[in-house]
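Here's a quick briefing to read with the model open in your viewer. Have a look at the fold, then come back for the notes.

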Amino acid sequence: MNDALPPGALQLGPLHCAWGPYARGRPAEPQVRAWMAALLARALDEPLPRDAYGRPRLPAEAGADASWSHSGGGLLMALGRGVRVGCDLEWQRPRPRALELAQRFFHPNEAAWLAAMPDAALRDRVFVRLWCAKEAVLKAHGRGLAFGLHRLEFAERGDALALVDCDPALGRAQDWRLHAFAPAPYYLATLAWSPLP
Ligand SMILES: CC(C)(COP(=O)(O)OP(=O)(O)OC[C@H]1O[C@@H](n2cnc3c(N)ncnc32)[C@H](O)[C@@H]1OP(=O)(O)O)[C@@H](O)C(=O)NCCC(=O)NCCS
């Protein structure tokens, strides 16, 4: 199957987001910096500094935060002004260990929600939605998955997921905004942002 992600873009409040094809194995950052430099109207020729957890940071003068994610043949990039931002892109595939992983690593209420689903295909889809949402928030926070996937709890609100509870280190659950969308068949993208702490 050709899994190259076709290009696209969207703007949501303080966020700019774009996606497109990605050549696996090549560093993503030069492609991301070129996109951000055009948006910020400033040169970003040097590699971005990374903190002790590996999170890239834009220069303070840029007044913006960035996140990106690559999966399959796709790259997702997000830039937020006056907010912290995280994003995740997942190439959808069968997840035979979804329930086992959720029971081991997710919040107990999320694992119970997945366990109650009678249909494995539906469970796989909800698992990936939860995974993407968690990873997006944890990347915005900066500690990544090592922070603990169980330390933030999502629940369905209408057709979307909302963060209903989280460790105080992540800020207030109600301050997080999430936007999930499918940039192409077999892909799921999630953007998460919140006011600067
Ligand atoms: C960050 C993390 C969630 C990325 O997950 P992934 O599914 O492998 O990768 P994605 O494609 O979604 O994202 C990769 C991008 O996340 C960013 N990233 C890396 N570490 C990050 C962090 N701690 N917080 C936020 N973003 C991070 C980088 O921009 C990276 O892009 P690059 O590959 O071009 O460097 C995962 O690697 C993680 O949790 N790492 C733990 C960090 C840690 O504890 N490090 C210990 C010290 S080295």
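This is a predicted model: local features need pLDDT of at least 70, side-chain atom pairs count only at pLDDT 80 or more; totals for chains, interfaces and linings use all residues.

Residues are numbered from 1 along each chain as its sequence is written, and side-chain values use heavy atoms, with hydrogens and water left out.

**Domains**

- The chain is assigned domain 1 (8-88) and domain 2 (93-177), with bounds that come from an automatic or database domain assignment.
- Taken over C-alpha atoms, the centres of domain 1 and domain 2 sit 23 Å apart.

**The interface**

- Ten residues of domain 1 touch twelve residues of domain 2, where contact means heavy atoms within 4.5 Å.
- The two domains bury about 880 Å² between them, with 46% of that on carbon and sulfur atoms; buried area is the accessible area (1.4 Å probe) that two parts lose on being put together, summed over both.
- Tyr53, Arg84 and Asp88 supply 63% of the area that domain 1 buries against domain 2, more than any other three residues.
- There are zero salt bridges between domain 1 and domain 2 (a side-chain nitrogen of Lys or Arg within 4 Å of a carboxyl oxygen of Asp or Glu).
- Five residue pairs, both at pLDDT 80 or more, are in polar contact between domain 1 and domain 2 (a pair of N or O atoms within 3.5 Å; within protein, one must be able to donate a hydrogen and the other to accept it, and residues adjacent in sequence count only if both atoms are side-chain atoms).
- On the side of domain 1 that touches domain 2, β5 gives the most, with five residues; strands are DSSP runs (E, at least two residues), and helices are too (H or I, at least four), numbered from the N terminus.

**Side-chain pairs**

- The structure holds four aromatic pairs, meaning rings of Phe, Tyr and Trp (its six-membered ring) with centres within 6.5 Å; planes under 30 degrees apart count as stacked, over 60 as edge-to-face and the rest as tilted.
- The ring centres of Trp19 and Phe181 are 5.0 Å apart and the planes are at 50°, so this pair is tilted.
- Trp19 belongs to strand β2 (residues 15-21) and Phe181 to strand β8 (residues 177-181), so the pair ties together parts 162 residues apart in sequence.
- The salt-bridge count comes to twelve.
- Arg24 forms a salt bridge with Asp3, with the closest N and O atoms 2.8 Å apart.
- That pair links Arg24, in the loop between β2 and α1 (29-40), to Asp3, in the segment before β1 (8-12), 21 residues apart.
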